[in-house]
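The following briefing concerns a predicted model and is intended for a reader who will inspect the coordinates directly.

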Amino acid sequence: MSRPVIMAASAAPLMMEEVKFWLEIMREHALFIKMGLPADEPGLIKEAEGFYKDFGSLLGRLAKASGEKQFLRLVADSMDVVAEFLRYKRHLLRRMLLCEVSTGIPPMMVDHMAREAEYLLALLGRIKHEAKNHHLSRARENVFWLRIMADHTKLVRGRIDPSERAIIHTVDDFSNEFDDLFLQSNDFYSMLTHPDQLPAPALGKKLKQGQYGVMSHLSPASYDRFIRDVRASVLRLRDFKNALHKMTEDCRVVSILPALLADHIRREADHYLMVLAMMDKGMVGVNGD
């Protein structure tokens, strides 16, 4: 799983914005799950409502937080809620896969939301335990985000009415494009990720750091080009999501796509573009957690 960005103390406002973004995403997840649950599952519905309220309360506390102590206390409390929400999502997914509950949302969407909760737990854990800069792996970060973007195309595809052929063709093109980018990001992750020390096969000794040109401090031009390609693709996908959101709001598209969900996935694309911008500024390491 990807390791999220952690800021230095001097960048505390940016760190708080990151937490705010993800708490809002989690609150909307609770709403989407509640909307998709059948009426004969009152227990699951009540739990989803509880999580929606909990994340709303955390967002309210975050807006009033002043000082590092209050923020770190909020982070610790948020970790507890997110961990419980993750267990809830995984429990719901297991029941769906066992055909014990039928919902209005596909299992892949529940898994998608669970992976984002895991990402947030990693972010909160690093804020709680490390008050210093952290170099995350660009390769791992792109693997995480490109899978999220690819998921979005498939989740949108399932909510567009079959009569909207032109939109469906566009979504299919994006789906194929981001599947390819996701696979390529996995390939780069495999190629760029190496331990700094490897056992010498013949002598059983440790190699000296950098003896064979380990990639931990290098940024190959091919990978830099890949990131530029990714940014261009994400920009086009973000613009499409933005247009789709507006069409959904104005009832100009035949679909069962809620306007809030369209805006939700557009904001996640914007967030990924922010992460890519941080890569451009050298705020993200090439390799290693």
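**Packing of α6 against α7**

The axes of α6 and helix α7 (residues 221–249) approach within 11 Å and cross at roughly 150 degrees; axes are lines fitted to C-alpha atoms, for helices over the stretch in contact, and angles run from 0 to 180 degrees between N-to-C directions. The two helices, α6 and α7, are therefore roughly antiparallel to each other (angles under 35 degrees count as roughly parallel, over 145 as roughly antiparallel, 65 to 115 as roughly perpendicular and the rest as oblique). This is a predicted model, in which local features need pLDDT of at least 70 and side-chain atom pairs count only at pLDDT 80 or more, while totals for chains, interfaces and linings use all residues. Residues are numbered from 1 along each chain as its sequence is written, and side-chain values use heavy atoms, with hydrogens and water left out.

- On the α6 side, the residues making the contact (heavy atoms within 4.5 Å) include Ile167, Val171, Phe174, Phe178, Leu181, Phe188 and Leu192.
- On the α7 side, the contributors include Tyr223, Phe226, Val230, Val234, Leu237, Phe240 and Met247.
- By class, the contact of α6 with α7 comprises 14 nonpolar, 5 polar and 3 charged residues; Ala, Val, Leu, Ile, Met, Phe, Trp, Tyr, Cys and Pro count as nonpolar, Asp, Glu, Lys and Arg as charged, and the others, Gly among them, as polar.

**Overall architecture**

- The chain has 8 helices and 0 strands, where helices (H or I, at least four residues) and strands (E, at least two) are DSSP runs numbered from the N terminus.
- Of the 289 residues of the chain, 49% count as buried; buried means under 20% relative accessible area, exposed over 50%, and partly exposed in between (1.4 Å probe, protein chains only).
- Among contacts between residues at least 6 apart in sequence, 79% join residues at least 24 apart.

**Salt bridges**

- The count of salt bridges is 22, each defined by a side-chain nitrogen of Lys or Arg within 4 Å of a carboxyl oxygen of Asp or Glu.
- Arg95 and Glu41 form a salt bridge through their side chains, with an N to O distance of 3.0 Å. Arg95 lies in helix α3 (residues 68–97) and Glu41 in the loop between α1 (12–36) and α2 (42–64), so the pair ties together parts that are 54 residues apart in sequence. Both Arg95 and Glu41 are buried.
- Asp172 and Arg157 are joined by a salt bridge at 2.7 Å, N to O. Asp172 belongs to helix α6 (residues 165–192) and Arg157 to helix α5 (residues 138–157), so this pair ties together parts that are 15 residues apart in sequence. Asp172 is partly exposed, with a relative accessible area of 25%, and Arg157 is partly exposed at 35%.
- Arg266 forms a salt bridge with Asp270, with the closest N and O atoms 2.7 Å apart. These residues, Arg266 and Asp270, are 4 residues apart in helix α8 (residues 259–280) and are separated by about one helical turn. Arg266 is buried, with a relative accessible area of 18%, whereas Asp270 is partly exposed at 27%.
- A network of salt bridges links Glu28, Arg238, Asp239, Asp263, Arg266, Arg267 and Asp270.

**Residues with positive phi**

- Most residues other than glycine have a negative phi.
- Cys99 has a positive phi, near 60 degrees. Cys99 is located in the loop between α3 and α4 (107–129) and is exposed, with a relative accessible area of 69%.
- Cys251 likewise has a positive phi, near 60 degrees. Cys251 is located in the loop between α7 and α8 and is exposed, with a relative accessible area of 68%.

**Two buried residues**

- Thr248 lies in helix α7 and is buried, with a relative accessible area of 13%. Apart from neighbours within four places in sequence, Thr248 is in contact with Val253, Leu257, Pro258, Ala259 and Ala262.
- Ile105 occupies the loop between α3 and α4 and is buried, with a relative accessible area of 8%. Ile105 and Leu37 are 68 residues apart in sequence and 8.1 Å apart in space, C-alpha to C-alpha. Not counting residues up to four places away in sequence, Ile105 touches Phe32, Ile33, Met96, Val110, Met113 and Arg159.
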